[in-house]
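Reader: I have a model open on my screen and would like to walk through it with you. Could you take my questions one by one?

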Amino acid sequence: MLREVRFRDDKDFSGCSIFGMMNVRGERFNGEPMITAIANMKERSNGLGGGFAAYGIYPQYAELYCFHMMYDDRGAREETEEFFKSRFDVEGAEVIPTRPCEGVDDPPLLWRYFLRPRESLVCSEREADDFVVQAVMHINVRIEGAFVFSSGKNMGVFKGVGFPEDIGRFFRLEDYEGYTWVAHGRFPTNTQGWWGGAHPFNILDWSVVHNGEISSYGINRRYLEMFGYICTLHTDTEVIAYGVDLLLRKHGLTVEDMARVFAAPLWTEIDRMPPREREVHTALRQTYGSLLLNGPFSIIISNRSQMIGLTDRIRLRPLVAGRSGEFMYISSEEAPIHLVDDGLQETWIPQGGEPIIAELAEKMEEIETKGAEVISLPASDSA
Amino acid sequence: MIGRLEGLKSYLLPQFLIDRDDYRCIRCEVCARQCAFEVHWYDEEEDAVFADESKCVGCLRCATLCPTNALVVRHNPTQHPPNANWTREVLQNIYKQSETGGVLLTGMGCDTDYPIYWDRIVLDASQVTNPSIDPLREPMELRTYLGAKPDALKVGRKGGKPSLETRITPQLKLETPIMFSAISYGAISYNACESLARAAAEAGTYYNTGEGGLHRNLYKYGEHTICQVASGRFGVHADYLEVAAALEIKIGQGAKPGIGGHLPGEKVSAEISRTRMIPKGTDALSPAPHHDIYSIEDLAQLIYALKEATHWSKPVSVKIAAVHNSAAIASGMVRAGADIIVLDGIRGGTGAAPTMIRDNVGIPIELALAAVDDRLRQEGIRNRASIVVAGGIRSSADVVKAIALGADAVYIGTAALVALGCHVCQKCYTGKCNWGIATQDPYLSKRLNPEVGARRLVNLLRAWSHEIMEMLGGMGINAIESLRGNRLRLRGVGLTREELDILGIKHAGA
Amino acid sequence: MKIDVDHHAGLPGVFMRVDGRVKINARHLHYRELNNMIKGAASEGVEEIVVENVFGQRYIGSGIRRPVRIVIHGVPGNDLGAFMDGPRITVDRNAQDGVGNTMNSGLIVVHGRAGDIVAMGMRGGRIFIRDGVGYRAAIHMKEYRKLRPVLVIGGDTQDFLGEYMAGGLVIVLGLKGGKGKRSRFRARHIGTGMHGGLIFLRGEIEEHQLGKEAVAVPATQEDKELIRPFVEEYAGYFAADAASIMGSDFLKIYARSHRPFGGLYAY
């Protein structure tokens, strides 16, 4: 159960299934279709991890950071709560409701907190985000037996050891309504089943679910460590999440540029680009070569307004996108999309390294003015 | 009472013995003509070929070219009395010095048996959880850019298209992460220089002039030339700085850290005189330090002088010998503005160095590299400079291990010369290289045809590059930048805890 | 092997015999249950098995060695027809990854798109995909004696089409999802490592899209006769206009050498 007794491998190795579903109008729906969809890909996981991230589930506390916590024991909880009280105004604290569920054994203590950074300690929103990141790092590294599942606003991560559908039932996800959901079923080869190690991995609003194995993990991690990230989990997913945080939040790159870093076009393609585009791509690879995610992966990255699907540049892991009215889907396999949506309009398979970006409607206009190369929907999309 | 003992029988034993199979020998005299050390001679009266083995350096030119394989050159098996301290090498050195009063001189890299960490490090490969990649069909990228990189990029939008707002400083573009080390015209022949230049151009990489200036005829390869600025400043002038793809300040050399050098006047021919811009026949002395660099801020001054002189159009590299405090020194070099830092390990080669220096000063490159890469990362400045390592890179596997430890690219010197025919006899300083490499004797140097030489070098780079791709593919990686500094793909075998810690790798099985 | 089919008859609506055909509702079936029913029916000599509500069940058609007709309504899972030796499968929607993996004989017709590695290592039989396919179609497809696999793709393909292909015939028609217009081929690394077999592409590609081991030339009339029967068969399944397709220009892509890597080693 404890992190300390996990195997001392370089990192966790795992195969997986991923599924994401978004209502681009921001209308909320409960977790049922997510459970159905991820259960449909059961063959891709092995019961050693499953999890969900849901956005829009706490509208009444939308302005507060919601910490989903796991504790090994009461001591860890008390220590963490002391820490919270020293740095935040705690607006709410409660046990996350669960139900007994076959296949989900020995759950840790699961709590959630609605927190406001103490005003005297931060001034700007950006500072508040950094403040929260530091708090997460502090808890994960310094407080024995405590681990932060998620730390974003109006969202939460529910995860654990078991098949994802069982984890979903355990957490009563049918009782939550969100406008974006992502799910993950895990097939680890070397983990001893620690709840914190399940996916999604989250920091602030960003959640990552991931299928595959990043062969460049060693250098990705060393690169991020240079920027102060402490990788405690030994998972590719953690590294990807910090990479997202660095590139988007700290360095201010766009999602498209981030995709060009994580799944850089080949030099032969860059060489054929028009001069200005070539210059950008060359500089991205030169500067962020150590963040190239090399090896097979497909990921869904989500935040409060976006759901982004991406595969490695030679597409060694599968990813299918689907669209049906207000709903966007991203999945490891096509069948579960059909299973949860019989009115499906279309599905398509993106090119390797080409991001699928689904965005909330209020941002739709902005996307469409960027042109087709930004949003990788088929040409018919604007119709 | 110091002086060379002349006319007395030397106590030195011949290093090599030459067995000549008289039945095979056809008296063609190839051996006699090929040996600049005048080992072989033909006696017409006796119709036999004889050898003065005391002159033989073991370069194997005769044995290689003998059309009937009549010659066997072997290490002299005569044994000194067994003694772990007073070994043959030790005794022979003392005899040599007592007969001459001189400093022991040698060529090439350190040949003593310090641990070669490359041979104690093994590589990883993918099995099941991720696919290995077949480089024969799948893309496999070795392209490497050397130079300072920004910590973060700013990308704006112009007309809906991304547009770069951060200025990237000049970079060297390598199609394979292997360059040819600094070797001066003077240390090696013009034909050897031309071979390196042509090969670098063809293979999309760089060679390095060393401190001997750049021959006019080779200016056309400028885009693939790194011009060195060393303590002697030989041949350093505006055109030389202009034509180079990059400039390299040479502080030190792995074979002789802390030591200057000198090209004896007899080697300063008309061409070398023109290239080095010194009078013909005078000794070309390289001072031990740069006399405008007595401290780190002085290095910064020279770096920026070179940048200013070349309009900030090319990266500036700084090369040091790997010594005890390399990590701290490297950090200072990066902060002083070096775009590329070159570390030359204890096994790095030379045309001439005092034997005691070569074999006893400096540290193995593997340890220096690991320490420097770690330090620059700890200080958050690893992006600001590329790391190139030199000194004892013998194969593509060494290259892969160096890159995984943290190097951006490697320099090869000895390996390149071996490709040109060098047999590592370590007598470069005599100027009598029978392979036409380390010589200025036109009779000898014409043995190396630059076109053939370039072909051999390009072949070597092609073969190594392919092997690198195979190893990358095995690890499931298809771009070299994903290997760079990726020490998780390395494991040590038979190393101590301390060595593993310094190398930043785990032991095999862990 | 005797597979007990009849106990499924007890599940209302799951397994039904209708006019000599068998009808299976796969909605809540695990692939092993479903495939056991299909195998059982096939071993009884049933000629047609209709499977409804298929959502991702894997390996359909595997392990059956008779020419039974399997009609799939829904989206079958990965490895449809893997190692298949005889059955004739029709799918009314899209298929996922690994269609016809190492297939030896039989027929697969997909009224939609297929995912990655279609016809990987396929050695015989025919596959028709109405629309496009994903990455690495026909990877390492090969032929042996009288076995010559055929893959016809109505739409376009993603990268690495025919990667280290060793034999067989691939035809890519470039018809865009039934909209009639021919799409521009975006695929890169076509025929990389190719050392046998033929790829016919309707339309143009640029030099850089071709792997270095492959050669592309305009197809001659004689070449086109080679593919005509398969284009006509495609048109038959999907109501396409064979004559107009055959009236277009095709590229023929073949291996530069049967031993592309002969010069690789030093000795």
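This is a predicted model: local features need pLDDT of at least 70, side-chain atom pairs count only at pLDDT 80 or more; totals for chains, interfaces and linings use all residues.

Reader: How many bridges join E6(B) to strand E22 of chain B?

Author: Two strands pair if DSSP finds at least two bridges between them. E6(B) and strand E22 (residues 490-492) of chain B run antiparallel, and the number of bridges joining them is three.

Reader: Which strands stand at the edges of that sheet in chain B?

Author: The sheet is open, with three strands in the order E6-E22-E23 (chain B) and mixed pairing. An edge strand has a single partner strand, so one side of it is left without a neighbour in the sheet. In chain B those are strand E6 (121-123) and strand E23 (506-507).

Reader: Now the helices: are H4(B) and H14(B) parallel or oblique?

Author: Axes are lines fitted to C-alpha atoms, for helices over the stretch in contact, and angles run from 0 to 180 degrees between N-to-C directions. Helix H4 (residues 190-203) and helix H14 (residues 450-474) of chain B have axes 8 Å apart and pack at an angle of about 45°. Angles under 35 degrees count as roughly parallel, over 145 as roughly antiparallel, 65 to 115 as roughly perpendicular and the rest as oblique. That makes H4(B), relative to H14(B), oblique.

Reader: How many residues of the contact of H4(B) with H14(B) are nonpolar?

Author: Two residues are in contact if their C-beta atoms, placed from the backbone, lie within 7 Å. H4(B) contributes residues including B:Leu196 and B:Ala199, and H14(B) residues including B:Leu457 and B:Val458. Ala, Val, Leu, Ile, Met, Phe, Trp, Tyr, Cys and Pro count as nonpolar, Asp, Glu, Lys and Arg as charged, and the others, Gly among them, as polar. Three residues of this contact are polar and three charged, and the nonpolar ones number nine.

Reader: How far apart are the C-alpha centres of domain 1 and domain 2 of chain B?

Author: Domain bounds come from an automatic or database domain assignment, which gives domain 1 (14-77) and domain 2 (144-507) in chain B. Nine residues of domain 1 of chain B are in contact with eight of domain 2. The C-alpha centres of these two domains of chain B are separated by 37 Å.

Reader: Which element gives the largest share of the side of domain 1 of chain A that touches domain 2 of chain A?

Author: Chain A has domain 1 (12-57 + 158-378) and domain 2 (65-153), with 21 residues of domain 1 in contact with 24 of domain 2. Strand E8 (155-160), helix H4 (164-170) and strand E11 (201-203) of chain A each supply at least two residues of the domain 1 side. The largest share, four residues, comes from H4(A).

Reader: And which strand gives the largest share of the side of chain B that touches chain A?

Author: Here 38 residues of chain B are in contact with 34 residues of chain A. Four residues on the chain B side, the largest share, come from strand E9 (residues 161-164) of chain B.

Methods:
Residues are numbered from 1 along each chain as its sequence is written. Chains are lettered from A and ligands numbered from 1 in the order in which they are written.
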